[in-house]
Amino acid sequence: MPTVRDLFSIGEVSAHTGLSVDTLRFYEREGLFPPPQRSAGGRRGFSKADIGWIGICQRLRASGMPLPEIARYAAMVRAGSGNEGERLELLQRHEAQVRAQMAVLQDALDLISTKVAVYTEAVSTGTAGGLFVSDDADDAYFAARSEASSQGRPPTS
């Protein structure tokens, strides 16, 4: 166990992780990480391992995992061996959700990229006048998307 001298203050952790002190305290209350060590004066002290775990929690949160699920995962990790199957199921479910979200975002990006290409060409050639009102690329995109979904396959752009 690190000595108090080897620990980082909550302010240092905040600067390192980009999370506010209030957010770190909130995450602690929510059970995302165990209570940090305390100095004789009651100040929180975080180890390098604590900072690494906070980084994992940040990435899970950035991926859209709800705080209660992160807290549940954290509790299982702290509980030690014997629950790896449950952890795996939780992570697999979340992975599927992230992949589905990525597919939706990729579809949106495909549309945006198509529109950027069309608008870039139209603006550079001075033919953008009616493009912003009615766009054949939109019609073609949504027609292809509708047909693909009715046939059970992913849309192409």
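**Exercise 1. Decide whether F33 is buried or exposed in this predicted model.**

Solution. 
Step 1. Take the relative accessible area of F33, which is 5%.
Step 2. Recall the cut-off: buried means under 20% relative accessible area.
Step 3. Compare the two. F33 is buried, because its value of 5% falls under 20%.

**Exercise 2. Classify the ring pair of F33 and F46, and state which parts of the chain it ties together.**

Solution. 
Step 1. Start with the count: there are 3 aromatic pairs.
Step 2. Know what to look for. A pair of aromatic rings is described by the distance of the centres and the angle of the planes.
Step 3. Read both values for F33 and F46. The ring centres are 6.0 Å apart and the planes stand at 70°.
Step 4. Apply the cut-off: planes over 60 degrees apart count as edge-to-face. The pair of F33 and F46 is therefore edge-to-face.
Step 5. Place the residues. F33 lies in the loop between α2 and β1 (37–38). F46 lies in the loop between β2 (44–45) and α3. So the pair ties together parts that are 13 residues apart in sequence.
Step 6. Check the cover of the partner. F46 has 1% relative accessibility and counts as buried.

**Exercise 3. Describe the largest nonpolar core: which residues touch the most other members, and which element gives the largest share?**

Solution. 
Step 1. Begin with the background. In soluble globular proteins, nonpolar side chains tend to be buried together.
Step 2. Count the members: the largest nonpolar core holds 21 residues.
Step 3. L24, L32, F33, I54 and I70 touch the most other members.
Step 4. List the elements that give two or more residues. They are α1 (10–17), α2 (21–29), α3 (48–62) and α4 (67–79).
Step 5. Find the largest share. It comes from α4, with 6 residues.
Step 6. Look at one member in detail. Beyond its neighbours within four places in sequence, L32 has contacts that include Y27, W53, L67 and I70.

**Exercise 4. Find what the side chain of N83 reaches.**

Solution. 
Step 1. Locate N83: the loop between α4 and α5 (84–125).
Step 2. Check its cover. N83 is buried, with a relative accessible area of 10%.
Step 3. Follow the side chain of N83 to the backbone oxygen of M76, at 2.8 Å.
Step 4. Follow it to the side chain of R87, where the polar contact is 2.7 Å.

**Exercise 5. Work out where V77 lies and what it touches.**

Solution. 
Step 1. V77 belongs to helix α4.
Step 2. Its relative accessibility is 28%, so V77 counts as partly exposed.
Step 3. Leave out residues up to four places away in sequence. V77 then touches W53 and R87.
Step 4. V77 and R87 are 10 residues apart in sequence, and their C-alpha atoms are 8.0 Å apart.

**Exercise 6. Summarise the whole chain: how many helices and strands are there, and in which order do the elements run?**

Solution. 
Step 1. The protein chain has 6 helices and 2 strands.
Step 2. From the N terminus, the order is α-α-β-β-α-α-α-α.
Step 3. Of the 157 residues, 27% are buried.

Terms used:
Residues numbered from 1 in each chain as written. Predicted model: local features only at pLDDT ≥ 70, side-chain atom pairs only at ≥ 80, totals over all residues. Heavy atoms only, no water. Helix = DSSP H or I, 4+ residues; strand = E, 2+ residues; numbered from the N terminus. Buried < 20%, exposed > 50% of the residue type's maximum accessible area, 1.4 Å probe, protein only. Core = buried A, V, L, I, M, F, W, Y, C linked by side-chain atoms within 4.5 Å. Contact = heavy atoms within 4.5 Å. Phe/Tyr/Trp six-rings, centres within 6.5 Å; stacked < 30°, edge-to-face > 60°. Polar contact = N/O pair within 3.5 Å; in protein donor to acceptor, adjacent residues only side chain to side chain.
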